[in-house]
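Student: I have the model open and want to know what stands behind each label. Can we go through them one by one?

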Amino acid sequence: MKIGKDTVVTMTYKVVNAQGKTLDQSQEPTAYLHGGYDNTLPKIEEALDGQEVGFTTQLSLSAADAFGEFDETLLKSIPKSEFPPGVKVGGQLRGRADDGREHVFTVVKIKGDKVMLDGNHPWAGQALTFALKVVEVRAASAEEVTHRHAHGAHGHHH
Ligand code: ZN
């Protein structure tokens, strides 16, 4: 079966940065719903479209095509009093940025009574190479298409 709209693709992956450092590697295969559901990067869908089980690729993406350029407007400083007690460096929370969109902010520094937050993806600003291997392709169920994500062992759990 070929990868196309409304197929569930199971793959293994490895993510390497421009310095050759491995940032992430699948411990077990991961599944996503193919067809523009924002389940994975558009460039990855483009590379896999029309391919079959066994397909492997090394995909080198610019920062813009991966997790975006580093955006300084997503750096925020907020009074510590606005946080629940126990806020720690490395902790994450959801919040709205000045652009009105929701981002995951990471606490990068606590200085005096200020908490510094960074709403960029941890890999923003980095050119990345993805080594991908397709291990399964199947038709998505009607429920998966309705939910806009893959179910099953390697997919989304409710
Ligand atoms: Zn679901």
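Student: What pattern does the protein follow along the sequence?

Tutor: Read along the sequence, the pattern is β-β-β-α-β-β-β-β-β-β-α. That gives two helices and nine strands. Helices (H or I, at least four residues) and strands (E, at least two) are DSSP runs, numbered from the N terminus. The model is predicted: local features need pLDDT of at least 70, side-chain atom pairs count only at pLDDT 80 or more, and totals for chains, interfaces and linings use all residues. Residues are numbered from 1 along each chain as its sequence is written, and side-chain values use heavy atoms, with hydrogens and water left out.

Student: Which residues coordinate the zinc ion, and at what distance?

Tutor: His147 (ND1), His149 (NE2), His151 (NE2) and His158 (NE2) do, at 2.0 to 2.1 Å. A donor is an N, O or S atom within 2.8 Å of the metal (3.2 Å for Na, K and Ca); water is not among the atoms, so sites may look incomplete. At 2.0 to 2.1 Å, the four histidine atoms meet that limit. In sequence, the spacing of the donor residues is H-x1-H-x1-H-x6-H.

Student: Why is the site of the zinc ion called tetrahedral?

Tutor: Look at the angles. Among the four donor atoms they run from 97 to 125 degrees. Four donors count as tetrahedral if all angles lie between 85 and 135 degrees. Square planar (four donors) and octahedral (six) need opposite donors over 155 degrees apart and all others between 65 and 115; anything else is irregular.

Student: Why is histidine 149 called buried?

Tutor: Its relative accessible area is 16%. Buried means under 20%, exposed over 50%, and partly exposed in between (1.4 Å probe, protein chains only). So histidine 149 is buried.

Student: What makes histidine 158 exposed?

Tutor: Histidine 158 has a relative accessible area of 72%, so it counts as exposed.

Student: And what about arginine 148?

Tutor: Arginine 148 has 46%, so it is partly exposed. It is found in the segment after α2 (142-147). Most residues other than glycine have a negative phi. Aspartate 6, in the segment before β1, also has a positive phi, near 65 degrees.

Student: What makes a set of residues a nonpolar core?

Tutor: The set must be buried Ala, Val, Leu, Ile, Met, Phe, Trp, Tyr and Cys residues joined through side-chain atoms within 4.5 Å. The largest one here has 18 residues, and Ile44, Leu48 and Phe130 have the most contacts inside it. The elements giving two or more residues are β1 (7-17), α1 (42-48), β4 (56-61) and β9 (128-139). β9 supplies the largest share, five residues. A second, separate core has nine residues, including Ile78, Phe83, Val87 and Val115. In soluble globular proteins, nonpolar side chains tend to be buried together.

Student: How do you know that threonine 10 is buried?

Tutor: Its relative accessibility is 5%, so threonine 10 counts as buried. Threonine 10 is found in strand β1. Not counting residues up to four places away in sequence, its partners include Pro29, Lys133 and His154. Contact means heavy atoms within 4.5 Å.

Student: Why does threonine 40 count as buried?

Tutor: Its relative accessibility is 19%, so threonine 40 counts as buried. Its place is in the loop between β3 and α1. Leaving aside neighbours within four places in sequence, threonine 40 is in contact with Tyr32 and Glu45.
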